[in-house]
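Let's take a walk through a protein model, one piece at a time. Have the sequence and the 3D view ready, and follow along as we go.

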Amino acid sequence: MNFPNQIDSKRIILQRPYPPTRELATEIYAEVSDFVDHLGQWLPWASKTYGIEDELSYLKDWCEAHWENEEGFAYMIREKETKKFIGMIDLMKVNQKHKSAEIGFWLTEKATGKGYMVEAVKALENEAFKQGLNRIVIMNDTKNIPSANVAKNAGYHLDGVLREERWSETQNRFRDSNVWSKLKSDQTR
Ligand SMILES: CC(C)(COP(=O)(O)OP(=O)(O)OC[C@H]1O[C@@H](n2cnc3c(N)ncnc32)[C@H](O)[C@@H]1OP(=O)(O)O)[C@@H](O)C(=O)NCCC(=O)NCCS
């Protein structure tokens, strides 16, 4: 697979966090630290103890390692006009046999409500289909309405709900998960 280091869209740029430097980790941390509690409702890594070292280790040990073995492709999202960092999106669980993958994402609080995530999902999925993948999945907690709306507004099909599919540490409950999908053939339908 040959994912580009940068994917351009109308209002945003997806940029590979490469090389995975402390400078990049600090830039991301600066935007996340104030609302880590908000993210923590939905994303297990965003805990009260999250810090720059965790971010750096994510960039090195997750993003770079997965990019190298072609199991995942993570991108920072920047506003095109200001170049400001506004969130992350990643293609994960890339399965080259079944030609499938899953997209995960988050935005900084200030960047929500502008349609940036639907735009980012479409840009990344478009590249994924170009790279030969056939099925992209988005999973979210059934209570996470903004995330479900991203999937719906990006044209994903709700395949179903996996009941009590995982344990949420932060919410101290089993979560039901929506499974949304888009197929390569859906693009032309
Ligand atoms: C999930 C998340 C990324 C959704 O963010 P979002 O800003 O609601 O989603 P989008 O960027 O697609 O923007 C859609 C909103 O922008 C509005 N919008 C404004 N201008 C727009 C434009 N030009 N084009 C499209 N939508 C626009 C839409 O009406 C919609 O608002 P609404 O939900 O109030 O109707 C964000 O809530 C988040 O980061 N949550 C925490 C982390 C998380 O839950 N991640 C997912 C885990 S599965």
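First, some ground rules. This is a predicted model, where local features need pLDDT of at least 70 and side-chain atom pairs count only at pLDDT 80 or more, while totals for chains, interfaces and linings use all residues. Residues are numbered from 1 along each chain as its sequence is written. Helices (H or I, at least four residues) and strands (E, at least two) are DSSP runs, numbered from the N terminus.

Pro 19 sits in the loop between strand S2 (12-15) and H1. The peptide bond leading from Tyr 18 into Pro 19 is cis, and its omega is near -5 degrees.

Now for H1 itself, which covers residues 22-32. Which of its residues are buried? They are Ala 25, Ile 28 and Val 32. The word has a cut-off: a residue is buried if 20 or more other C-beta atoms lie within 10 Å of its own, exposed if 12 or fewer, and partly exposed in between, with C-beta atoms placed from the backbone. Look down the axis of H1 and its buried residues fall within an arc of 70 degrees, so they line one face of the helix. That arc is taken from the directions that run from the helix axis to the C-beta atoms. Turned away from this buried side is a face that carries the exposed residues Glu 23 and Thr 26. What covers the buried residues of H1 includes helix H2 (36-40), H3 and S4.

Two packed helices are described by the angle between their axes and the distance between the axes. H1 and H3 (residues 52-68) pack at an angle of about 120 degrees, and their axes are 9 Å apart. Those axes are lines fitted to C-alpha atoms, for helices over the stretch in contact, and the angles run from 0 to 180 degrees between N-to-C directions. H1 and H3 are therefore oblique to each other. As for the scale, angles under 35 degrees count as roughly parallel, over 145 as roughly antiparallel, 65 to 115 as roughly perpendicular and the rest as oblique. The crossing of H1 and H3 is right-handed, a label used when the near helix is turned clockwise from the far one by less than a right angle, with anticlockwise being left-handed.

Who makes the contact? On the H1 side we find Arg 22, Leu 24, Ala 25, Thr 26, Ile 28 and Tyr 29, and on the H3 side Ile 52, Glu 55, Leu 56 and Leu 59. Two residues are in contact if their C-beta atoms, placed from the backbone, lie within 7 Å.

S4 came up as part of the cover over H1, and Asp 90 lies in this strand, which spans residues 85-95. Is Asp 90 buried or exposed? With 22 C-beta neighbours inside 10 Å, Asp 90 counts as buried. Leaving aside its neighbours within four places in sequence, Asp 90 touches Gly 72, Phe 73, Ala 74, Tyr 75 and Gly 104 in the contact sense. Asp 90 and Leu 124 are 34 residues apart in sequence and 8.3 Å apart in space, C-alpha to C-alpha.

Lys 93 is also found in S4. Its phi is positive, about 50 degrees, although Lys 93 is not a glycine. With 15 other C-beta atoms within 10 Å, Lys 93 is partly exposed.

Carry on into the loop between S4 and strand S5 (100-107), the place of Lys 99. Lys 99 has a positive phi too, near 55 degrees, and is partly exposed with 16 C-beta neighbours inside 10 Å. Lys 97 is found in the loop between S4 and S5, and with 5 C-beta neighbours inside 10 Å it counts as exposed.

Our last stop is helix H5 (residues 145-153), where Ser 147, Val 150 and Ala 151 are buried. Seen down the axis of H5, these buried residues fall within an arc of 95 degrees, so they line one face of the helix. They pack against helix H4 (116-130), strand S6 (135-141) and strand S8 (173-183). On the other side of H5, Ile 145 and Pro 146 are exposed. After H5 comes Gly 155, with a positive phi near 90 degrees.
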